[in-house]
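Subject: Structure for you to look at

Dear colleague,

I am passing on the structure below, and my notes on it follow. Please read them with the model open beside you.

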Amino acid sequence: MTDFAAIDFETANSHRASVCSVGVVVVRGGRVADSFYRLIRPRPNYYSRFTTAIHGLTVADTDEMPEFEEVWHEIAPRIEGLPLVAHNSPFDESCLRAAFDLYDMPWPGYTFFCTYRAARRVFGRQLPNHQLHTVAAACGYDLQNHHHALADAEACAHIALRIL
C-alpha cells in the first residue's frame, strides 16, 4: 500500500464522539505528502481523569478550538479517495462514525485498514505485544510523544509502509 492516510484520534472522555485531537499523515507514492494536526473542542465538552492521564489534554487546551465539523472540512479534501489506516482501527473508525453521527454529517464510506491486526499477522509471537510503540520499534521507527495524535499517526504511517 503506497497511497493512504494514517489517522489517529484522542478522545476527551468515554464518549467516542468526544474527539479532542486528530492527527493525519497523507502518504502518496510511498512517501509522506502531507500531515495535519488539530485540537478539537469535544462534545460533550469535559475530560475524564483517565483520558487526560493518557494524552495530557484538558478543557483549557481545547475550549477555544473549533468543533469537529469545522476541522473535518479541512481534512476531507486532503484524504479524498484514500483508504484510512489506523493502529487499532475499530477505535478510530468508531470515533469518526460517532462524530459524523453527532454532527449529522453523511458518512462518506471511508475504508479502514488496521496496522494492529496486520502486525499480529506479520509479527505473531515475535513481539511481547502489538501496541503501537512496540510495533513501531519493530519496524525501525522510534515513536516519541506517544498518545499525541500526530505522533501516533506518523508511527502508524511508518508501520503501514513496512507491513501493509
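Two strands are said to pair if DSSP finds at least two bridges between them, and strands (E, at least two residues) and helices (H or I, at least four) are DSSP runs numbered from the N terminus. This is a predicted model, in which local features need pLDDT of at least 70 and side-chain atom pairs count only at pLDDT 80 or more, while totals for chains, interfaces and linings use all residues. Residues are numbered from 1 along each chain as its sequence is written, and side-chain values use heavy atoms, with hydrogens and water left out.

Strand β1 (residues 4-11) runs antiparallel to β2 and is joined to it by eight bridges, with Phe9 having Val22 as its bridge partner in β2. Eight bridges also join β2 to strand β3 (residues 31-39), again antiparallel, and there Val25 has Ser35 as its partner. Between β2 and β3, which form a hairpin, lie two residues, and Gly29 in the turn has a positive phi of about 65°.

Five salt bridges were counted, each being a side-chain nitrogen of Lys or Arg within 4 Å of a carboxyl oxygen of Asp or Glu. In one of them Asp34 meets Arg78 at 3.5 Å, N to O; because Asp34 lies in strand β3 and Arg78 in helix α3 (residues 68-79), this pair ties together parts that are 44 residues apart in sequence. Glu74 and Arg38 form another, with their closest N and O atoms 2.9 Å apart, and since Glu74 is in helix α3 and Arg38 in strand β3, the pair ties together parts 36 residues apart in sequence.

Best wishes
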